[in-house]
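I opened this notebook to record what I looked up in one structure. The entries follow the order in which I took up each topic.

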Amino acid sequence: MRRLVLFMHVSLDGFVTDPNGGMGFIKVDEEIFDYVGDRTDLSDMALYGRVTYDMMDAYWPTAGDEPNASKHDKEHSAWYKKVDKVVLSKSMKGQQ
């Protein structure tokens, strides 16, 4: 049985990005990476919009293999490679 676990970075005003499409408001350090890792490890599926999927898929499949990969990159890359991904998109019809 699958368990639904939702996790999303959101600014205090409820937006996923800043007005320019950036994510500079996200606090990035080992504490948040450990927290996020604990949550994402509970899930076996990721849900993305097409733009986010393209960004994630360009980085995470090999991020953990890099010689200078951080603990977070190794762990998240391993998680990313094993989970099912669902992409919500009108422009990717028929792709798998």
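**Entry 1**

Helices (H or I, at least four residues) and strands (E, at least two) are DSSP runs, numbered from the N terminus. I take buried as under 20% relative accessible area, exposed as over 50% and partly exposed as in between, with a 1.4 Å probe and protein chains only.

The model is a predicted one, so I noted its rules: local features need pLDDT of at least 70, side-chain atom pairs count only at pLDDT 80 or more, and totals for chains, interfaces and linings use all residues. Residues are numbered from 1 along each chain as its sequence is written, and side-chain values use heavy atoms, with hydrogens and water left out.

I listed the buried residues of α1 (residues 30-40) as Val-36, Gly-37 and Thr-40. They cover an arc of only 105 degrees around the axis, which puts them on the same side of α1. The arc is that of the directions from the helix axis to the C-beta atoms. An α-helix has 3.6 residues a turn, so residues three or four places apart point the same way.

At the start of α1, I found a side-chain oxygen of Asp-29 within 3.2 Å of the backbone nitrogen of Glu-31. For polar contacts I use a pair of N or O atoms within 3.5 Å; within protein, one must be able to donate a hydrogen and the other to accept it, and residues adjacent in sequence count only if both atoms are side-chain atoms.

**Entry 1: overall layout**

I recorded three helices and two strands, in the order α-β-α-α-β along the sequence. Of the 96 residues of the protein, 23% count as buried. Contact here means heavy atoms within 4.5 Å. Of the contacts with a separation of 6 or more, 61% are between residues 24 or more positions apart.

**Entry 2: the nonpolar core**

Which residues make up the largest nonpolar core? I read off 10 residues: Ala-46, Tyr-48, Tyr-53, Met-56, Trp-60, Ala-63, Trp-79, Tyr-80, Val-83 and Met-92. β1, α2 (50-63) and α3 are the elements that give two or more residues to this core, and the largest share, four residues, comes from α2. A nonpolar core is a set of buried Ala, Val, Leu, Ile, Met, Phe, Trp, Tyr and Cys residues joined through side-chain atoms within 4.5 Å.

I also checked Met-92, which touches Arg-50, Tyr-53 and Val-87, not counting residues up to four places away in sequence.

**Entry 3: aromatic pairs**

Rings of Phe, Tyr and Trp (its six-membered ring) pair if their centres lie within 6.5 Å; planes under 30 degrees apart count as stacked, over 60 as edge-to-face and the rest as tilted. By this rule I count three aromatic pairs. One of them, Tyr-48 with Tyr-53, is tilted, at 6.2 Å centre to centre and 50 degrees between the planes. Tyr-48 is buried at a relative accessible area of 9%, and Tyr-53 is buried at 17%.

Tyr-48 and Tyr-80 form another tilted pair, 6.4 Å centre to centre with 45 degrees between the planes. Tyr-48 lies in strand β1 (residues 45-49) and Tyr-80 in helix α3 (residues 71-82), so the pair ties together parts that are 32 residues apart in sequence. I noted Tyr-80 as buried, at 1% relative accessibility. Tyr-48, Tyr-53 and Tyr-80 form one aromatic cluster.

The charged end of Lys-85 sits over the ring of Tyr-80, 4.4 Å from its centre. The criterion is NZ of Lys or CZ of Arg within 6 Å of the ring centre and within 35 degrees of the ring normal.

What does the side chain of Ser-77 reach? I found the backbone oxygen of Trp-60, at 2.6 Å. Ser-77 belongs to helix α3 and is buried at 1% relative accessibility. Residues that Ser-77 touches include Pro-61, Thr-62 and His-72.

I then turned to Tyr-59, which is in helix α2 and is partly exposed, with a relative accessible area of 40%. A polar contact of 2.8 Å joins the side chains of Tyr-59 and Asp-73.
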